[in-house]
Amino acid sequence: MGKLNILKQIFSVKNSPRKTHKIITIAGVKIQVRYNRHKKKIADFMRLFKSVRANSVLIVEPNDCHYEVIPGYAKYLTELGYNVDIFVCNASQLDFLTDALDKVRVYSFGNVPFELLMETHSIVKNYKYILFNSSLIYFPGVRRDTPKMVPVADYLKHVTYDRERILFVQHHLEQGGMNENLIALADLHNQYSEKYTMVNSQYFGDIEITPKNEGVTRFVVVGNISPWRKNHSLLIDAVKYLKKIRQDFKVVLVGSGKLDNIDEEIAPYIELCGRLSYPDMFKEMEKADFFLCLFDPENPDHHRYVSVGTSGSFQLIYAFAKPCIIHSEFAKVYDFNSDNSLVYDRNGDLGAAMEKAAAMDGAAYRRMQEKVMKKAEDIRRLSLNNLKELLKLIDEKTNKKY
């Protein structure tokens, strides 16, 4: 065994993490040799892909997540006059987008490493800008919010494109990036604010803004059932509380995972939908009256929502004009108040806030909903202008004409 370990130190051959290189070690010196086992798949992709249109922007999502952010950025770019092509693992998740925006095309690269696709794709250089919808790659087994996450920039060394014309959406503000073209979904008004341009994404195609239901009040929760995302045990306690006072309500949960501690007493008031397609999730949002955030200030994992990251929950709240029920520790960071939401101060007060929501009449609900729409529109206008100014600044820096 000792001799074998010594031999491995002298000579070994391993695959790189994304299997785009062979890493050969000879006497302690590492040599990376690129190989392409995806040649046929790339050729198939090229046959599907059409030529780059004039004045086009490429959006790339290297992970099989964060799809909910892409539509908003695509919408802003089309409003600014650009054509948009999108490369994602699974294009079927964004079918609704191509129906809503005729300047947008979506393509799947499947399990082909995105950097191979971009390196082989000789026409990538014809895009005016490239926007990476995630600046970090989430490898299986690597916990998010840790330094072990791999920057997308590490995989762009062989891509023939001006690095100054690449933009990155950073979902982990503490991580930084390869250039100054960094976008954040929210300005958390902290030490990271100066590093990022706030461009909030809150567009989901052709959706309907609906009034409060008559009869049964519907509460919705969207997101995987996981303690590091939301505290669903708070929901169980709140439903038990509310059920003693009134029975005209329903809580709908959209997202993968299991919810424990649902006894027979409260089971009729909770509907588990599991993971849904985006269009089906949109329908649940349209049917809902209030959005339950379920953020817990006593859970250290939830501190990221007020420090280094945000939640897709807010995009849904803005887009569908759904008043949210939210703890005050998170409400104050995102400027939610009694005019546009229901804010509670203690975890144990969630049930009482839900009771107030269920008792709200249609007229009061409409007034609160209008405040949500006003807030969303202010953020949308600011975001669009911020993106416009960022692209203008990039043009001034690179001093290139297209």
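Leu 131 has Leu 167 in strand β10 as its bridge partner. These residues belong to strand β7 (residues 129–132) and strand β10 (residues 166–169), which pair in the parallel sense over three bridges. Strands count as paired if DSSP finds at least two bridges between them. Strands (E, at least two residues) and helices (H or I, at least four) are DSSP runs, numbered from the N terminus.

Before I continue, please note that this is a predicted model, in which local features need pLDDT of at least 70 and side-chain atom pairs count only at pLDDT 80 or more, while totals for chains, interfaces and linings use all residues. Residues are numbered from 1 along each chain as its sequence is written, and side-chain values use heavy atoms, with hydrogens and water left out.

The pair β7 and β10 sits within an open sheet of seven strands with parallel pairing, in the order β6-β5-β4-β7-β10-β11-β12. At its edges are β6 (104–108) and β12 (197–198), each of which pairs on one side only. Helix α3 (residues 70–79) packs on this sheet, where the helix touches β4 (56–60), β5 (83–88), β6, β7, β10 and β11 (182–184). Contact here means heavy atoms within 4.5 Å. The direction of α3 makes about 160° with that of β5; such angles run from 0 to 180 degrees between N-to-C directions, with axes fitted to C-alpha atoms, for helices over the stretch in contact.

I turn to the salt bridges, of which the structure holds 17. The term denotes a side-chain nitrogen of Lys or Arg within 4 Å of a carboxyl oxygen of Asp or Glu. One of them joins Asp 85 to Arg 105, with the closest N and O atoms 2.8 Å apart. Because Asp 85 lies in strand β5 and Arg 105 in strand β6, the pair ties together parts that are 20 residues apart in sequence. Are these two residues buried or exposed? Asp 85 is buried, at a relative accessible area of 0%, and Arg 105 also counts as buried, at 14%. Buried means under 20% relative accessible area, exposed over 50%, and partly exposed in between, with a 1.4 Å probe and protein chains only. Elsewhere, Lys 75, Glu 79, Glu 377, Arg 380 and Arg 381 are linked in a network of salt bridges.

Next, the interior. A nonpolar core is a set of buried Ala, Val, Leu, Ile, Met, Phe, Trp, Tyr and Cys residues joined through side-chain atoms within 4.5 Å. The largest such core has 99 residues, and those with the most contacts inside it are Tyr 73, Ile 86, Leu 97, Phe 114 and Phe 132. Which helix gives the most to this core? That is helix α11 (residues 362–398), with eight residues. Leaving aside neighbours within four places in sequence, Phe 132 is in contact with residues including Val 60, Phe 114, Val 152 and Leu 167. A second, separate core of 30 residues includes Leu 235, Ile 236, Val 239 and Ala 358.

Finally, there is an open sheet of six strands, ordered β15-β14-β13-β16-β17-β18 with parallel pairing. Its edge strands, β15 and β18 (341–344), each pair on one side only. Neighbouring strands of this sheet are turned by 25° against each other on average, direction ignored. Strand β17 (residues 324–327) runs parallel to β18 and is joined to that strand by four bridges; Cys 324 has Ser 341 in β18 as its bridge partner.
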